[in-house]
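Please look through the structure below before reading the notes on it. The notes are grouped by topic and can be read in any order.

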Protein chains: 2
Amino acid sequence: MAAGRVKDVGILAMDIYFPPNCVLQEELEAHDGVSKGKYTIGLGQDSMAFCTEVEDVISMSLTVVKSLLENYKIDPKCIGRLEVGSETVIDKSKSIKTWLMQIFEECGNTDIEGVDSSNACYGGTAALFNCVNWVESNSWDGRYGLVVCTDSAVYAEGPARPTGGAAAIAMLIGPNAPISFESKYRGSHMAHVYDFYKPDLASEYPVVDGKLSQTCYLMALDSCYNTFCKRFEKIEGKKFSIVDADSFVFHSPYNKLVQKSFARLYYNDFLRNCSTVDQDSREKLEPFSGLSMEESYQSRDLEKVCQQVAKNLYGTKVQPTTLIPKQLGNMYTASLYAAFASVLHNKHDTLAGQRIVMFSYGSGMTSTMFSFKINEGQHPFSLSNIASIMDISNKLESRHIVPPKQFVEALKLGEHRYGAKDFVTSQDTALLVPGTYYLTHVDSMYRRFYAVKGDCIATPISNGH
Amino acid sequence: MAAGRVKDVGILAMDIYFPPNCVLQEELEAHDGVSKGKYTIGLGQDSMAFCTEVEDVISMSLTVVKSLLENYKIDPKCIGRLEVGSETVIDKSKSIKTWLMQIFEECGNTDIEGVDSSNACYGGTAALFNCVNWVESNSWDGRYGLVVCTDSAVYAEGPARPTGGAAAIAMLIGPNAPISFESKYRGSHMAHVYDFYKPDLASEYPVVDGKLSQTCYLMALDSCYNTFCKRFEKIEGKKFSIVDADSFVFHSPYNKLVQKSFARLYYNDFLRNCSTVDQDSREKLEPFSGLSMEESYQSRDLEKVCQQVAKNLYGTKVQPTTLIPKQLGNMYTASLYAAFASVLHNKHDTLAGQRIVMFSYGSGMTSTMFSFKINEGQHPFSLSNIASIMDISNKLESRHIVPPKQFVEALKLGEHRYGAKDFVTSQDTALLVPGTYYLTHVDSMYRRFYAVKGDCIATPISNGH
């Protein structure tokens, strides 16, 4: 099919995988000896997923890709492009995409474009844009694109540690999608900044300036929203305000920032003189209209008032997106799409015809606001089937809560294993559901071997030639 | 402009930067105590570029982007997408693209999509495809794309060390290009393999199995060529053979592999019964027609005969592409495009109307064969202007040859500096041309500071907020 003839390119199908173990933020507060509510209310987080020594970003992505192909009955030969977004580096040269090729090589399909896209939590969005653009380009060959976001977020002991998380998400890309892109409104903000980065190559942990990162996030949000609104107005001939979208999905390092972000959009609408900001809110925000932008990022009073006036809209437009991020924590590249999966899960039967605005942020920094338009879709690519296959309630409920001590031990072991060679894992798969890939060993040449739970013999699935 | 209306999307302009210092392979042979000709004839290499402590992949990419914008008089506001391909990891989260944003932020342009693409030497090709697809997609906003390939290839002491190199290339992407894509013939081969990878995160050096990597390269070449030929035949209704392209440009880890690769294509044409293989060659190759594929990769006799029968065609279709790779060494992501720059340099006045076939390979593994069709282009985006701006002869001739001892010392210092913090470089810019970016220091938070040679005061160009 020639470019320009395809319509409604976007997400046809989704699946999500996350580790079966988690730690409760409430218990972590007690373990860390911090004040009660610091993580649960201060960060707004309920629990946190983490990889034990038998799982990593490669195993999680193998699991979710296999799961998506099987659940939607997609022939691996029908995939023509595979893009991975991740910031969890296991190898500095070999892409995660090449590990995933094992699934396709088995079926005789080695003609699959795409590599890994990387910039902090934004890589998944870059991968998604790349796949969509491919389908709309002259080089599209009629097959599906597949996007994988996979990350394990771990932090050194200290205030950032409770903001970890882990998950992998797979999205099938093609035309006539129930979740399609409104490509023309998109706004990006990219800049050089050291808010969160990973310069200590031997360590899995980032260097992070939490306060700076939060300000950068909000600045980027303002900038993207303004560009998004300008483009919308230019094309649609009318002002955009938050009432013009039914859901707002944010990259979620922790839920509190999502609350602040939506409130910030409300404040933007106030500054932009949107008629949709009611008189009462206007009066409450008026005292802050003289603040410089810099001051506005620092004002606690403004923050409070914004959250108060935006509260009702938050409940309808944002709350349904927060389920998975609150339960799993920051999944880096997968975070935004886990939030999106939450709204599919919570509202799939009422989304048709709606607009969903997405805000992707990666430190360093890269950010984009873009939007989806939603339709019911056709089986197997219908909203209800996607929600049913993701099976989020079940997956969340069947998780195993482990005590903080065990979580800390897993991270300690991870410190030793990161970048290491010549070790065998416990191969303890008791908590894994059948079909889950897991790490068995790393040989003396650093080569990693994985097996699948439930396979007759747990032999490595490939020697990597 | 809507998708599907743009024509001849491809490369409008190019520029190249490489360090001003190099080591002669002949002198390196003597220094390493290996047999004479091992590097110059065995590898086919003349000299090798390398970064001293004041340059790295970030500084080289800043230099080449600034240079391209200035030389072609491109307003930085006219760039809408910026993609970087690299496998030289300085930070595992923050993309090189974000460092490059400094150039655009200064001009008030922060709305630039794109991040870094990574898989060994293939990342530049992924970045290029992403930019081209963007221009052909619905989300294109009418501005230019910009692709940067930047790498510094260094190896531990041993047989791979002479296969290093360093360079950065920038390519401007848009419609009506003198170098446009024939998107429909493309063939890719991707698989999971451990031929070359970087699992030791604290070291800049790769783990490499040279013999395996060479076999993988040739297997990938066969597979891509077969897919390319099939697609060509399906669309054009006639068989493709090497006479149907005027130049073949290969990713060049070292020149000897390029010689073998072109010979291998000739062997493929023989196996495919192409009428373009003459009777004499056919008779010489006939004894090898019973070899299994695996045997064919190992047969020295076959290799010799292939190179012999392909020799004349190599001289016209490949030799002109080998100039820069033979002089600079393996530039990883920049290697293929440096080879392409060589043919533009050598043959820009005769290329119009011709087809150029490109073969991109990245270990791990990812590979694609694709083709360009060439037209003269219009100033400033004409072939002659591109060749004139790249100024390759001058740049090569003005290089400073350093003794092997100095090269080895630079690598030793690099080992200490890789992933380190809190140091100041010599700031010795004697060899750099004005306008070159260089590293001044890395602070206690691992933040890197660069200056531009010739700027009034050599202060860091940005504090990164």
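The points below cover strands, a helix pair, cysteines and some backbone details. The model is a predicted one. It contains an open sheet of three strands in chain B, a strand of chain B that is largely enclosed by the rest of the structure, and zero disulfides over all chains.

**The three-stranded sheet of chain B**

- The strands of this open sheet follow the order E3-E2-E15 in chain B, and their pairing is mixed.
- Strand E3 (47-49) and strand E15 (400-401) of chain B are at the edges; each has a single partner strand, so one side of each has no neighbour in the sheet.
- Strand E2 (residues 21-24) of chain B runs parallel to E15(B), and two bridges join them.
- Cys22(B) has Ile401(B) in E15(B) as its bridge partner.
- Helix H1 (residues 25-32) of chain B lies across E2 and E3 of chain B, at about 60° to E2(B).

**Strand E7 of chain B**

- Strands of a sheet pair through backbone hydrogen bonds, in a parallel or an antiparallel sense.
- Strand E1 (residues 10-17) of chain B pairs with E7(B) in the antiparallel sense, over seven bridges. Within this strand pairing, Tyr17(B) has Ala168(B) of E7(B) as its bridge partner.
- Strand E6 (residues 144-153) of chain B also pairs with E7(B) in the antiparallel sense, over nine bridges. Leu146(B) stands opposite Leu172(B) in E7(B).
- In a regular strand, side chains alternate between the two faces of the sheet.
- On one side of E7(B), Gly165(B), Ala167(B), Ile169(B), Met171(B) and Ile173(B) are all buried.

**Two helices in contact**

- Helix H3 (residues 57-71) and helix H4 (residues 96-105) of chain B have axes that come within 10 Å and cross at roughly 40°.
- H3(B) and H4(B) are therefore oblique to each other, and H3(B) passes H4(B) in a right-handed crossing.
- Residues of H3(B) in the contact include Val57(B), Leu62(B) and Leu69(B), while those of H4(B) include Trp99(B), Leu100(B) and Phe104(B).

**Cysteines**

- A disulfide is a covalent bond between the sulfur atoms of two cysteines.
- The structure has zero disulfides over all chains.
- Cys107(A) is in no disulfide, and its nearest cysteine sulfur, that of Cys78(A), is 10 Å away. Cys107(A) counts as partly exposed, at 29% relative accessibility.
- Cys131(B) is in no disulfide either, and its nearest cysteine sulfur, that of Cys149(B), is 10 Å away. Cys131(B) is buried, with a relative accessible area of 0%.

**Cis peptide bonds**

- His379(A) and Pro380(A) are joined by a cis peptide bond with omega of about 5°. Pro380(A) is in the loop between strand E14 (366-374) and helix H14 (383-390) of chain A.
- Gly364(B) and Met365(B) are joined by a cis peptide bond with omega of about 0°. Met365(B) is in the loop between strand E13 (355-362) and strand E14 (366-374) of chain B.

**Positive phi angles**

- Lys73(A) is not a glycine, yet its phi is positive, near 55°. Lys73(A) lies in the loop between helix H3 (57-71) and strand E4 (79-85) of chain A, and is exposed, with a relative accessible area of 73%.
- Asp422(A) is not a glycine, yet its phi is positive, about 60°. Asp422(A) is exposed, with a relative accessible area of 56%.

Key
Residues numbered from 1 in each chain as written. Chains lettered and ligands numbered in written order. Predicted model: local features only at pLDDT ≥ 70, side-chain atom pairs only at ≥ 80, totals over all residues. Heavy atoms only, no water. Pairing = 2+ DSSP bridges. Helix = DSSP H or I, 4+ residues; strand = E, 2+ residues; numbered from the N terminus. Contact = heavy atoms within 4.5 Å. Axes fitted to C-alpha atoms, helices over the stretch in contact; angles between N-to-C directions. Buried < 20%, exposed > 50% of the residue type's maximum accessible area, 1.4 Å probe, protein only. Disulfide = S-S within 2.5 Å. Parallel < 35°, antiparallel > 145°, perpendicular 65-115°, else oblique. Left-handed = near helix turned anticlockwise from the far one by under 90°.
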